[in-house]
Amino acid sequence: MLEKLFKLKENHTSLKQEAMAGLTTFLTMAYIIFVNPMMLADAGMDHGAVFVATCLAAAIGCLIMGIVANYPIALAPGMGLNAFFTYTVVGEMGYTWETALGAVFLSGICFLILSLVRIREWIINSIPMSLRLGIAAGIGLFLALIGLKSAGIVVASPTTLVTMGDITAFPAVMAAVGFFLIIAMVQRGMKSAVVVSILSITILGLLFGDVQYTGVLAMPPSIMPTFMKMDLASVLDISMLSVVFAFLFVDLFDTSGTLVAVAQRGGFLDDKGRLPRLKRALTADSTATIAGAMLGTSTTTSYIESTAGVSAGGRTGLTAVVVGFLFLLSLFISPLAAMVPAYATAGTLFYVAILMMSGLIHVEWEDLTEAAPVVVVCILMPLTFSIATGIAMGFISYAVIKLMSGRYKDLSVGVVVLAVLFIAKFIYG
């Protein structure tokens with residue numbers, strides 16, 4: 001059955017090889033089990049319910065990707081998108097988390113439609129590479145700021161807006177130790193570096209009496225506090241259009257970039273550099289987002305950590321299926337997830353920021369009309385504490401700079417339309 005479904009022999013792999021690849025991918029991305037519930041809890045959502053929703057959404061996404069698309073690509077609620085959900089849509093804009101879930105659901109529907117009617121390529125090609133790189137890096141900096149804030153390393157200041165906190169305080173010290181552990185272990189080739197760091201800092205918190213022991217294994221918490229709680233009626237308001245677009249936009253480019261990166265690492269691209277079964281892969285991603293919103297979590301997307309599993313020999317969807325089953329098993333460690341303090345995940349957020357900023361090496365820094373909008377996005381996204389604002393200012397600055405520099409031929413219709421819409425939003429609220 002496995003041979004017929006995943007074509008193991010045709011892809012020169014085996015059950016053992018795929019299982020090890022799946023375990024490798026899971027260990028590199030399992031941190032989301034701890035980080036996502038903690039982040040969405042800041043939006044007022046039930047920690048236990050979000051924990052269950054995170055595991056189930058990841059499992060559903062992985063199983064669909066593995067069985068339908070037959071690719072070793074794992075999915076889970078995405079970093080950056082969960083931050084946008086909590087700190088921008090709920091925190092800054094003042095919407096309820098139920099409305100935010102509705103926006104995630106609608107963005108998933110839009111993504112599914114775009115995947116089925118093949119408009120995706122036009123949209124991606126209309127957005128300049130520099131803006132894509134800048135948005136990814138800006139989200140990385142935004143996550144780093146969240147990590148520093150949660151550890152008390154960066155605090156508010158009435159004089160300078162932000163300043164250094166008490167770096168000798170226990171949370172700050174533990175966050176720094178966790179970050180150093182991750183970097184050291186990753187440099188030494190340890191696949192489970194992030195998870196080991198989170199658990200190590202949690203254990204230190206227990207030893208120093210800062211964390212209360214509540215157990216490790218238990219039956220999964222109830223998902224009912226978040227299950228099917230989307231407020232779809234509120235999403236139909238015109239003011240939510242930009243929110244839905246932001247969820248869709250970030251997920252679209254995040255998924256596309258991940259698919260290409262994993263495909264290149266695994267040698268899945270055809271002679272023309274295209275990814276076979278792309279439609280199925282995108283359908284799996286969008287379907288997982290829809291299911292995740294119904295369960296009670298932010299946007300589910302493909303994970304770049306899948307390259308770890310591909311490097312370990314993953315060649316078929318069986319790798320993703322293994323990851324999915326491991327997420328299902330994780331449902332029984334909810335007490336452990338609830339014990340993890342915020343400072344234990346702060347180093348993780350900083351590490352993810354490094355990964356997301358690495359793409360800046362591909363920016364054409366010699367061309368100021370390309371480089372300047374990137375800097376605008378990277379600075380404004382964390383300093384305004386808003387991913388949506390960073391994206392909007394990036395498009396506006398790109399269009400204005402190109403026009404004023406006489407480089408209007410570099411502008412696509414998509415960029416101009418989006419820039420005008422963002423300007424209108426700032427003017428009319």
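Buried means under 20% relative accessible area, exposed means over 50%, and partly exposed lies in between (1.4 Å probe, protein chains only). Keep that scale at hand for the tour. The model is predicted, so local features need pLDDT of at least 70 and side-chain atom pairs count only at pLDDT 80 or more, while totals for chains, interfaces and linings use all residues. Residues are numbered from 1 along each chain as its sequence is written, and side-chain values use heavy atoms, with hydrogens and water left out.

**Stop 1: the salt bridges**

Select R407. R407 is partly exposed, at 30% relative accessible area. A salt bridge here is a side-chain nitrogen of Lys or Arg within 4 Å of a carboxyl oxygen of Asp or Glu. Helices are DSSP runs of H or I with at least four residues, strands are runs of E with at least two, and both are numbered from the N terminus. D367 has 15% relative accessibility and counts as buried.

Next, select K402. Buried or partly exposed, what is K402? K402 is buried, at 0% relative accessibility. K402 forms a salt bridge with E370, with the closest N and O atoms 2.8 Å apart. K402 lies in helix α19 and E370 in helix α18, 32 residues apart. E370 is buried too, with a relative accessible area of 11%.

D410 is partly exposed, at 36%. Show D367, E370, K402, R407 and D410 together: salt bridges that share partners join them into one network. The structure holds 4 salt bridges.

**Stop 2: the aromatic rings**

Select F179 and F350. Their rings form an edge-to-face pair, 5.1 Å centre to centre, with 80° between the planes. Rings of Phe, Tyr and Trp (its six-membered ring) pair if their centres lie within 6.5 Å; planes under 30 degrees apart are stacked, over 60 edge-to-face, and the rest tilted. F179 is in helix α9 (residues 170-187) and F350 in helix α17 (residues 342-357), 171 residues apart. F179 is buried at 18%, whereas F350 is partly exposed at 29%.

The count comes to 12 aromatic pairs. For a cluster, pick F84, F85 and F247, which ring pairs link together.

**Stop 3: the second largest pocket**

Select I238, L241, S242, L421 and K425. Of the 13 lining residues, these are the closest to the centre of the second largest pocket. About 410 Å³ of space lies there. A pocket is an open set of points on a 1 Å grid over the protein atoms alone, where a 1.4 Å probe fits, with protein on both sides within 12 Å along at least five of seven lines; lining residues have an atom within 4 Å of a point. Grid points are joined across faces, edges and corners, and the volume is the space filled by probe spheres set on them. Colour α12 (241-266) and α20: each supplies at least two residues of the lining.
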